[in-house]
Amino acid sequence: MRVLIVGGGVLGTMHALRALENGHDVVQIEREPEARGASVRNFGLVWVSGREPGEDLDLALRAREAWERIGADVPDVGFRPNGSLTLLRTDAEVAVAEGMTDLSARGTKLLDAAETRALNPVLRGDFKAALWCERDGAVEPRTAQPALRAHLAKTGRYTWLPGREIREVGEGWVRDDRGERHEGDVTILCTGAALSGLVRELRPELPVRRVRLQMMQTEPLGETLPTSIADGDSLRYYPAYRGAALDELNRAEPQPPVAAENGMQLLMVQRLDGGLTIGDTHEYAEPFSFDVREAPYDHLVQRVGELLGRPVPRVVRRWAGVYAQTADSSRVVHREEVLPGVWLVTGPGGRGMTGSPAIAEDTLREIGPAA
């Protein structure tokens, strides 16, 4: 069986991996020389924390197991099972954490401040408690896709075709902007946030929206940050924390205006080179800004400094990114057969890096014996 994958990001690459594991030949086509979208503009977090019980949490846990296996096979993806701490600074935030009822399912435990500092001595700032999630992990987004492609190439059944934009799709074939036709038994479109052009022609009323974010990276911290970090604003963002205690938090302790206006939470992960990736914001209304705003960066640097209890290393990179998110909150991804044998898979939202191994596994299962 020959499978055509359109899209060179992590979602497309994981579909290629799964198809090869199923014994098929794969041709992966990418319009850029390398993936340039959300797949490289993210934290590299494998994030179980905060996932909604049900399909969302199940997918994250399955993907976390897959990433550990992939990391053993492909060391250059940089997988490490470092866990995370969601730092809680007020009694109202602690009350939200205390209200969670499914802590064991995601390997989560509520720690006091002393227990938190024992687990992560770099945290010398001001907080009351933390949610420890041992199932969280991290990979290196800037190196993961090239490392995975090198691994796939060793099979002898994988072809990588960058710098080609697909202009036409039919049953059993695609045509690129060089006029070349590529034939296959199944086509899987993983086009990320590119929802116009060909995608719009195939699915004019696609129930998927785009989300813009801002992030940054610092110079090396100079010490090892043993865990990934979130702050209490992530309680407002992730669905697992919804309930009366969160309603009270929002009423009694509203976010600072800059955080509320920019849909912010703090997430932070240390890169293998020692730098910190810090974010993020969420902008939902298009047309998006074409520039980046300094106020959110100032807020994040201040918050990180307060939690670390030390100056934040100099910021060396800032960037914006856009990802696609399904508008149906009951689904973790939009997956649809738009033509016979042609599948569109898009809209995983902020769970794309985390969930891609499990999303790809589910796609191949849904396609059935053909793939």
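**Helix packing and local features**

Leu57 has its place in helix 2. Helices here are DSSP runs of H or I with at least four residues, strands are runs of E with at least two, and both are numbered from the N terminus. This is a predicted model, in which local features need pLDDT of at least 70 and side-chain atom pairs count only at pLDDT 80 or more, while totals for chains, interfaces and linings use all residues. Residues are numbered from 1 along each chain as its sequence is written, and side-chain values use heavy atoms, with hydrogens and water left out.

Leu57 has a relative accessible area of 7% and is therefore buried; buried means under 20% relative accessible area, exposed over 50%, and partly exposed in between, with a 1.4 Å probe and protein chains only. Ten residues separate Leu57 from Trp47 in sequence, and their C-alpha atoms are 9.7 Å apart in space.

Next come the helix pairs. Two packed helices are described by the angle between their axes and the distance between the axes. Axes are lines fitted to C-alpha atoms, for helices over the stretch in contact, and angles run from 0 to 180 degrees between N-to-C directions. Angles under 35 degrees count as roughly parallel, over 145 as roughly antiparallel, 65 to 115 as roughly perpendicular and the rest as oblique.

Helix 2 (residues 55-73) and helix 1 cross at roughly 75°, and their axes come within 14 Å. Helix 1 is therefore roughly perpendicular to helix 2. On the side of helix 1 the contact (heavy atoms within 4.5 Å) is made by Val10, Met14, Leu17, Arg18 and Glu21, and on the side of helix 2 by Ala66, Trp67, Arg69 and Ile70. By class, the contact of helix 1 with helix 2 has six nonpolar, no polar and three charged residues. In this scheme Ala, Val, Leu, Ile, Met, Phe, Trp, Tyr, Cys and Pro count as nonpolar, Asp, Glu, Lys and Arg as charged, and the others, Gly among them, as polar.

Helix 1 also packs with helix 5 (residues 141-153), at an angle of about 20° and with the axes 10 Å apart. That angle makes helix 1 roughly parallel to helix 5. The crossing of helix 1 and helix 5 is left-handed: a crossing is left-handed if the near helix is turned anticlockwise from the far one by less than a right angle, and right-handed if clockwise. Val10, Thr13, Met14, Ala16, Leu17 and Leu20 of helix 1 meet Gln145, Leu148, His151 and Leu152 of helix 5. The contact of helix 1 with helix 5 has seven nonpolar, three polar and no charged residues.

A further partner of helix 1 (residues 10-21) is helix 11, with an angle of about 40° and axes 8 Å apart. Helix 1 is therefore oblique to helix 11. Their crossing is right-handed. Helix 1 brings Val10, Leu11, Met14, His15, Arg18 and Ala19 to this contact, and helix 11 brings Gly352, Met353, Ser356, Pro357, Ile359, Ala360, Glu361, Thr363 and Leu364. The residues of the contact of helix 1 with helix 11 comprise nine nonpolar, four polar and two charged.

Helix 11 (residues 352-367) has a kink of about 35°, centred on Ala358; the bend at a residue is the angle between axes fitted to the seven residues ending there and the seven starting there. Gly368 follows helix 11 and has a positive phi, near 90°.

Helix 3 (residues 91-98) has Ala92, Glu93, Val94, Val96 and Ala97 among its residues, and these are buried. The buried residues of helix 3 pack against strand 4 (84-88), strand 5 (108-112), strand 6 (129-133), helix 7 (234-237) and helix 8 (244-252).

Gln325 belongs to strand 17 (residues 315-326) and, at 17% relative accessibility, counts as buried. Leaving aside residues up to four places away in sequence, Gln325 touches Val208, Arg209, Val211, Tyr284, Gly347 and Gly349.

Two peptide bonds remain. The bond from Gly279 to Asp280 is cis, with omega near 0°, and Asp280 lies in the loop between strand 16 (276-279) and helix 10 (294-308). The bond from Glu286 to Pro287 is cis, with omega near 5°, and Pro287 is in the loop between strand 16 and helix 10.
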